[in-house]
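The sequence and structure are shown first.

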Amino acid sequence: MQCSNCSAPIRGDYHVEGVFGLGDDDESPAFCHSCGKTFPWTERKIASAVELVEVGADLSPEKLQ
Ligand SMILES: [Zn+2]
């Protein structure tokens, strides 16, 4: 695996003593350590979060009346 922006190798073996086991979402870095570019999986997480907010907005009481 490498960064699609700067081709730097992505650190996939980054472990911190005492932090291991917090959750699956923390296994991969959110952005490139070299250029700071967010990785596709990070952008998908953000996009899905935005979609959830938009869906929630559509279900607001004002639009149900
Ligand atoms: Zn990069």
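## Overall organisation

In this predicted model, 42% of the contacts in the chain with a separation of 6 or more are between residues 24 or more positions apart. The chain contains two helices and zero strands. Of its 65 residues, 2% are buried.

## Helix α1

Helix α1 covers residues 40-58. An α-helix has 3.6 residues a turn, so residues three or four places apart point the same way.

The helix is hardly covered by the rest of the model: the count of buried residues among the 19 residues of α1 is zero.

## Residue S7

S7 belongs to the segment that precedes α1. Its phi is positive, at about 65°, although S7 is not a glycine. Most residues other than glycine have a negative phi.

Is S7 buried or exposed? S7 counts as exposed because it has 10 C-beta neighbours inside 10 Å, and the cut-off for that class is 12 or fewer.

## Residue I10

I10 is also placed in the segment before α1. It counts as partly exposed because 16 C-beta neighbours lie inside 10 Å; this class falls between the exposed limit of 12 or fewer and the buried limit of 20 or more.

Which residues does I10 touch, not counting those up to four places away in sequence? They are M1, Q2, C3 and P29. A further distance relates I10 to S28: these two residues are 18 residues apart along the chain, and their C-alpha atoms are separated by 8.9 Å.

How values were computed. Residues are numbered from 1 along each chain as its sequence is written. This is a predicted model: local features need pLDDT of at least 70, side-chain atom pairs count only at pLDDT 80 or more; totals for chains, interfaces and linings use all residues. Helices (H or I, at least four residues) and strands (E, at least two) are DSSP runs, numbered from the N terminus. Two residues are in contact if their C-beta atoms, placed from the backbone, lie within 7 Å.
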